[in-house]
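Please read the points below with the model open beside them.

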Amino acid sequence: MDGTATHMVADDLRDDERGTDGLSERDQQVLAFERQWWKYAGAKEQAVRELFDMSATRYYQLLNALIDDPAALAADPMLVKRLRRMRSSRQRARTARRLGAEA
């Protein structure tokens with residue numbers, strides 16, 4: 001997804017007003033959840049459904065757009081950088097599997 005598409009998705013998914021730090025209340029809640037989601041009982045997807053009232057797919061779309069947001073990086077640099085590294089690692093693994101399958 002290119003930068004323009006990412007920002008379009010972020011704008012579409014944000015239904016809250018941005019605060020003074022550039023993040024909506026929901027954005028802040030998502031970052032807080034990602035910081036400690038393993039503390040919730042059950043599957044992460046179930047916790048997402050209960051806490052944010054959205055599907056896992058929509059949540060991950062929001063999260064991916066959020067970690068590309070400079071305001072999120074400023075708010076919690078260690079978390080955002082870790083999430084970016086994890087996303088990048090998963091993308092490399094998918095690419096390697098595709099290339100291995102085509103060879």
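The numbered points below go from the basis of the model to the whole chain and then to single residues.

1. This is a predicted model, in which local features need pLDDT of at least 70 and side-chain atom pairs count only at pLDDT 80 or more, while totals for chains, interfaces and linings use all residues. Residues are numbered from 1 along each chain as its sequence is written, and side-chain values use heavy atoms, with hydrogens and water left out.

2. The chain has six helices and zero strands, so its order from the N terminus is α-α-α-α-α-α (helices are DSSP runs of H or I with at least four residues, strands runs of E with at least two, both numbered from the N terminus).

3. Of the 103 residues in the chain, 32% are buried (buried is under 20% relative accessible area, exposed over 50%, partly exposed in between, with a 1.4 Å probe and protein chains only). For contacts between residues at least 6 apart in sequence, 42% join residues at least 24 apart (a contact means heavy atoms within 4.5 Å).

4. The whole structure holds four aromatic pairs (rings of Phe, Tyr and Trp, the last by its six-membered ring, pair if their centres lie within 6.5 Å; planes under 30 degrees apart are stacked, over 60 edge-to-face, the rest tilted). One of them is Phe33 with Phe52, which is edge-to-face because the ring centres are 5.6 Å apart and the planes stand at 80°. This pair links distant parts of the chain, with Phe33 in helix 2 (residues 25-36) and Phe52 in helix 3 (residues 44-52), 19 residues apart. Phe33 is buried at 2% relative accessible area, and Phe52 is buried at 13%.

5. Tyr59 and Tyr60 also make an edge-to-face pair, at 5.3 Å between centres and 80° between planes. Tyr59 is buried, with a relative accessible area of 0%, whereas Tyr60 is partly exposed at 29%. Phe33, Phe52, Tyr59 and Tyr60 belong to one aromatic cluster.

6. On the surface, Trp37, Trp38, Tyr40 and Leu51 form a nonpolar patch with about 430 Å² of accessible area together (patch residues have over 30% relative accessible area and no salt bridge; nonpolar side chains, namely Val, Leu, Ile, Met, Phe, Trp and Tyr, are joined within 5 Å, like charges within 9 Å; a salt bridge is a side-chain nitrogen of Lys or Arg within 4 Å of a carboxyl oxygen of Asp or Glu). Leu51 lies in helix 3 and is partly exposed, at 45% relative accessibility.

Note on methods: Accessible areas come from the Shrake-Rupley method with a 1.4 Å probe; for residues, only the protein chains shown count as cover.
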